[in-house]
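Reader: I have a fold open in my viewer and would like to learn to read it feature by feature. Could you take me through it?

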Amino acid sequence: MTESGSTGRIVVGVDGSPESALALSWAARIARSEHAGIDVVGAWEFPVNLGWTAFPGDFSPKHEIRRAALAALEEAFGTDLPPDLRVITHEGNPATVLIERSATALMIIVGSRGHGPLVGLLVGSVSARVAEHAKCPVLVVHTPPIPDAPDFDLATTGSARNAGPAS
């Protein structure tokens with residue numbers, strides 16, 4: 001987990017969804033070919049409409065997002081983590097945090113939860129905001145991209161169902 005030999009950083013937004021693990025798999029593959037490091041970024045914010053909702057006394061959104069990031073790493077790689085990987089948690093709107101990191105990133109990779117167009121309009125979309133405003137290339141991964149497509153093997157970085165283009 002060092003930065004030596006890296007030519008840049010690939011930023012991966014994680015939120016605990018299955019798409020996060022898929023985004024991590026893609027990041028490992030691209031990082032290997034680009035000799036880049038990987039920043040696994042989890043961001044959180046308290047919604048303004050939270051009101052008087054009570055949380056358990058030991059609740060910590062920072063710990064929850066870190067736990068989600070570590071779970072996504074475990075799902076994507078098991079114990080065989082890619083080299084030059086950092087896990088970063090940050091308080092703030094997830095899209096804004098990722099857009100800020102895009103200024104120095106080689107690429108940003110995020111998952112899409114696949115909400116329909118109406119839900120996306122109502123609740124907003126981190127992936128759409130990042131893709132629109134980032135200052136570097138953005139890869140938005142969808143799962144599954146093709147129903148009943150054969151598995152795509154990511155070689156030494158693990159495998160994920162329907163994770164890539166068909167040959």
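Author: Strand β1 (residues 9–13) pairs in the parallel sense with strand β4 (residues 107–111) over three bridges. Strands are DSSP runs of E with at least two residues, helices are runs of H or I with at least four, and both are numbered from the N terminus. Two strands count as paired if DSSP finds at least two bridges between them. Before we go on, a word on the source: this is a predicted model, in which local features need pLDDT of at least 70, side-chain atom pairs count only at pLDDT 80 or more, and totals for chains, interfaces and linings use all residues. Residues are numbered from 1 along each chain as its sequence is written, and side-chain values use heavy atoms, with hydrogens and water left out.

Reader: Which residue of β4 does Val12 stand opposite, and which is the bridge partner of Val12 in β2?

Author: In β4, Val12 stands opposite Ile109, while in β2 its bridge partner is Val40. β1 and β2 run parallel and are joined by five bridges.

Reader: What is the strand order of the open sheet?

Author: The five strands come in the order β3-β2-β1-β4-β5, with parallel pairing. At the edges are β3 (85–91) and β5 (138–141), each pairing on one side only. From one strand to the next the twist averages 20 degrees; axes are lines fitted to C-alpha atoms, for helices over the stretch in contact, and angles run from 0 to 180 degrees between N-to-C directions. Between β2 and β3, which run parallel, there are seven bridges, and Ala43 has His90 as its bridge partner in β3.

Reader: Which residues lie on each side of β2?

Author: The general idea is that side chains in a regular strand alternate between the two faces of the sheet. In β2, Gly37, Asp39, Val41 and Ala43 are on one side, Ile38, Val40, Gly42 and Trp44 are on the other, and all are buried. Buried means under 20% relative accessible area, exposed over 50%, and partly exposed in between, with a 1.4 Å probe and protein chains only.

Reader: Which strands does each helix lie across?

Author: Helix α1 (residues 18–34) lies across β1, β2 (37–44), β4 and β5, at about 155 degrees to β4. Helix α3 (residues 94–101) lies across β1, β2, β3 and β4, at about 150 degrees to β2. β1, α1 and β2 also form a right-handed β-α-β unit: with the strands pointing away from the viewer, the path from the first strand over the helix to the second runs clockwise.

Reader: Which residues of α3 are buried, and what covers them?

Author: Ala95, Val97, Leu98 and Ile99 are buried, and their cover includes β1, β2, β3, β4 and α5 (126–133), where contact means heavy atoms within 4.5 Å. At the N-terminal end, Asn93 caps α3, with a side-chain oxygen 2.9 Å from the backbone nitrogen of Ala95.

Reader: Are His35 and Asp84 buried or exposed?

Author: A backbone note comes with these two. Most residues other than glycine have a negative phi. His35, in the loop between α1 and β2, has a positive phi near 55 degrees. His35 counts as exposed because its relative accessibility is 55%. Asp84 also has a positive phi, of about 55 degrees, and sits in the loop between α2 (61–77) and β3. Asp84 is buried, at a relative accessible area of 6%. Its side chain makes a polar contact with the side chain of Arg9 (2.8 Å); such a contact is a pair of N or O atoms within 3.5 Å, where within protein one must be able to donate a hydrogen and the other to accept it, and residues adjacent in sequence count only if both atoms are side-chain atoms.
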